[in-house]
Amino acid sequence: MRRKLICGTLAGLILVALALAASCRSDGNDSQERRNEARTPDEKTEEGRSVTGPVKIGFAMDTLIEERWPRDRELFRQAVESLGAEVEITVASGDDALQIKQAETMISEGVDLLVIVPHDAEATAAIVKKAHAAGIKVMAYDRLVKNAEIDFYVSFDNEKVGELQAKAITALVPKGRYVYIGGAETDYNAHLIKKGVFKVLQPLIDSGDITVVYDQWTADWVPTNAQTNMESALKANRNRIDAVIAANDATAGGAVAALAAHGLAGRIPVAGQDADLPAARRIAEGTQTMTVYKPIRTLAETAAGLAVAMARGEKVEADLMLNNGKIEVPSVLLSPIAVDRSNIEETIIADGFHSWDDVFRQDRRP
Ligand code: BGC
């Protein structure tokens with residue numbers, strides 16, 4: 001009996017010692033390794049991570065308001081699942097504190113990698129810190145997280161979006177009075193788009209051909225805020241405006257509504273981006289000049305592929321490094337496409353992004 005007790009105690013001590021030895025081998029990435037080990041005894045990479053286990057990706061989105069985001073959500077979900085991984089998706093509805101809380105929950109639940117669409121480029125740096133403390137890597141999706149040691153960034157070339165908009169509008173209006181309706185100041189994309197726009201406008205501003213008579217951000221990208229901005233621009237300039245560049249189709253819609261109230265819709269070129277259905281319809285009817293099409297499927301599939309590979313501990317390749325104020329972030333930037341009435345059929349309609357009927361047969365709207 002006594003001997004049994006001693007043996008039992010010894011066995012217990014050995015188990016504790018083994019467990020301690022294992023935990024002493026820990027380094028910064030061990031929480032990730034432990035999650036994978038617990039999940040699957042499958043093949044391991046050199047770093048010790050599982051390569052075939054069902055890793056789990058957390059996708060912390062900002063909003064589903066603009067038409068593109070539900071598409072991003074579904075395509076990202078499908079792409080992750082088709083790679084044999086799991087995904088959990090949260091939406092913060094433009095609330096920074098909620099986005100941080102949702103990410104914290106996914107971190108504590110033990111996701112293998114976090115993908116964020118930040119509402120506020122700076123506030124979400126807190127998420128990156130917390131994820132790293134738990135050994136979880138973080139990818140920025142579409143919008144960059146500023147001033148954080150983010151591990152990867154996948155997006156479209158947002159500066160190019162702005163360049164495409166300004167090139168299309170200056171080709172139609174090489175001289176005149178321009179209005180710039182910016183995006184949300186808290187979203188770094190809004191800054192990149194604006195940079196691209198002004199890269200094209202600046203030489204024409206310098207030569208005196210173009211005057212920017214109004215230039216404002218649009219809080220949270222809300223169309224009614226853009227409409228109010230456009231109203232102010234019209235009022236301040238007694239309707240003497242020759243062109244409008246808006247940071248996305250939602251804000252372009254607000255601008256067109258303000259122009260329409262003054263009988264000016266269709267008489268002043270307007271640019272947007274996203275290829276939203278209402279914008280495609282405005283292009284068909286002539287109240288919006290152009291949009292910038294970003295094939296969301298390519299973004300979602302590229303990001304999902306990289307996220308799952310990173311979660312499995314595989315090495316991934318970046319195309320370029322982008323400075324986010326703190327580090328050079330390994331990044332992949334996809335190409336946006338300028339769309340106007342002349343190429344709408346061979347781009348967004350040919351791709352199945354919208355159907356011909358939805359765009360052109362507006363009488364068939366449900
Ligand atoms: C995205 C746009 C979108 C906007 C508002 C930007 O960061 O790049 O596609 O329209 O946010 O959600």
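Mentor: **The cavity and its ligand**

The largest cavity has a volume of about 100 Å³. Of its 13 lining residues, W69, R143, W221, Q273 and D274 are the closest to the centre. This is a predicted model: local features need pLDDT of at least 70, side-chain atom pairs count only at pLDDT 80 or more, and totals for chains, interfaces and linings use all residues. Residues are numbered from 1 along each chain as its sequence is written, and side-chain values use heavy atoms, with hydrogens and water left out.

Now the terms. Rolling a probe the size of a water molecule over the atoms shows where empty space is left. The search runs on a 1 Å grid over the protein atoms alone. A cavity is a set of points where a 1.4 Å probe fits but cannot get out. A pocket is an open set with protein on both sides within 12 Å along at least five of seven lines. Lining residues have an atom within 4 Å of a point. Points are joined across faces, edges and corners, and a volume is the space filled by probe spheres set on them. By this rule there is one cavity of 30 Å³ or more.

Around the ligand are E66, R68, W69, D142, R143, D187, N189, W221, N248, Q273, D274 and K294, each with a heavy atom within 4 Å of it. This shell has two nonpolar, three polar and seven charged residues. Both domain 1 and domain 2 contribute to the shell, so the ligand, too, lies between them.

Look at the polar contacts (pairs of N or O atoms within 3.5 Å). An oxygen atom of the ligand is 2.8 Å from a side-chain N or O atom of D142. For D187 the distance from a ligand oxygen is 2.6 Å. For N189 it is 2.9 Å. The protein covers 100% of the 310 Å² of accessible area that the ligand has on its own, by the Shrake-Rupley method with a 1.4 Å probe.

Terms used
Polar contact = N/O pair within 3.5 Å; in protein donor to acceptor, adjacent residues only side chain to side chain. Nonpolar A, V, L, I, M, F, W, Y, C, P; charged D, E, K, R; others polar. Domains from an automatic or database assignment.
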